[in-house]
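Please read it with the structure open.

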Amino acid sequence: MSTATEKQFDQGLVNTIAAETQMSFIDGEKGILEYVGVDIDSLARNSTFEESTYLLWNGRLPNAAELAAFEQQLRAEYELPAGVLDMIRAVPADASPMHTVQTLVSSLSLFDAEADDDSPEANIRKAIRLVAKTPTLIAAFDRHRKGKDIVAPDANRSIASNFLWMLRGEEPTETMVRALDVCLVLHADHGFNASTFTSLVVISTLSDLYSACSAAVGALRGPLHGGANEGVMVMLNEIGDMSKVDEFMKGKLERKEKIMGFGHRVYKAYDPRATYLKTFAEGLARDTGNLPLYEMSKRIEEIMHEAVADKGIFPNVDFYSATTYWSLGLDLDLFTPMFALSRMSGWTGHCIEYLKDNKLIRPGAAYVGPHEVPYVALGDR
Ligand code: ACO
């Protein structure tokens, strides 16, 4: 057993390996990300969110029959319990979508008889429910806050197609569905990032998947994590025009302010998730009349390359997902919920994996406060 003196102080856990995983491998120096050994670029080009989720959860790609069966299991769980729909109708229209997603993910537990069943079989069923229902609750909330009728899920559609259908109430194009699906594949898992680690801390107490995933949504919403994609779009809107990019960036860099969508705790090379997304974002932006946004992004990347590439700062996945989501017509404050929708696959997978050899996560604290402080009675202070 380790004693307090053997513990190493590691601020931000930068140099700490907290557990083993077979789900995703990251080499930050070389810019490699693999899901169960399969390179992220080939998954982005060829796979779907459903197939990548199967891969992450089962440790191998499914055959055609297995994939079809898995898709059916997910589709059978798209619907929300009536009680959750009632709750959505009670959410204030100006509520923050991420607070709403966190609350609604947690509320799913209230209507799941298996919420407290921690058997591996029940956990897999709950993971399927969480992945299948999160898109429905995001789309339903967005319709509700805009005063529109909630669109029921369509069990004949993939997760990406169904989400766009429920959100817009009209048929999405194939390009839109593919663009969203690519983003979902790219965001599905990423080692022990802050939100995944949050989910592990919660599940390690032998709490439940709903608690673990709603806590993870809370961690994801911060601007240093999933909130960065929204930050990128705010920045692009603030700049407004290609002619203002250089001056804007000069000011930011002189003031040593961080540029959203750049830098990564792990990657000191180009984020491999951004490579294909960059090309994809260009085509989509062109098709949807948003090419100026893409061109501004490219110019920002050039300036950043000259200024900070030697520090290992490159675009991360959020940089080009911002223009992709914008081109899909998503509201700015739905960008981070999109990340949650996809990462639900990683959070649930990691929790189930961690429970196979559970150990309560409980690091030490380096106390730096005083000792032997006398207690002074209230009246004497
Ligand atoms: N713009 C400009 N400079 C940067 C950036 C950036 N985006 N990111 C890091 N730097 C600089 C820092 O100023 C610092 O410089 P210094 O050594 O001269 O002081 C150096 O690079 C190290 O930066 P840290 O913040 O200490 O690095 P850390 O590993 O803690 O941070 C983080 C990683 C939080 C992602 C950071 O790069 C950042 O804030 N990026 C912007 C927000 C963002 O895009 N987040 C999304 C991350 S990806 C994801 O969650 C999907």
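## Ligand contacts

Which polar side-chain atom lies 2.4 Å from an oxygen atom of the ligand? It belongs to Lys258, in this predicted model, where local features need pLDDT of at least 70, side-chain atom pairs count only at pLDDT 80 or more, and totals for chains, interfaces and linings use all residues. Residues are numbered from 1 along each chain as its sequence is written, and side-chain values use heavy atoms, with hydrogens and water left out.

Such a polar contact is a pair of N or O atoms within 3.5 Å. The side chain of His225 places an N or O atom 3.1 Å from an oxygen atom of the ligand, while a polar backbone atom of Ile259 is 2.7 Å from a ligand nitrogen atom. The protein buries 70% of the 920 Å² that the ligand exposes when taken alone (Shrake-Rupley method, 1.4 Å probe).

## The surrounding shell

Around the ligand are 19 residues (a heavy atom within 4 Å), the closest being Lys258, Ile259, Gly261, Phe262 and Lys311. This shell comprises 10 nonpolar, five polar and four charged residues, with Gly counted as polar.

## Domains

An automatic or database assignment gives domain 1 as 26–223 + 333–355 and domain 2 as 228–327. Their C-alpha centres lie 26 Å apart, and 29 residues of domain 1 are in contact (heavy atoms within 4.5 Å) with 25 residues of domain 2.

Terms used:
A polar contact is a pair of N or O atoms within 3.5 Å; within protein, one must be able to donate a hydrogen and the other to accept it, and residues adjacent in sequence count only if both atoms are side-chain atoms.
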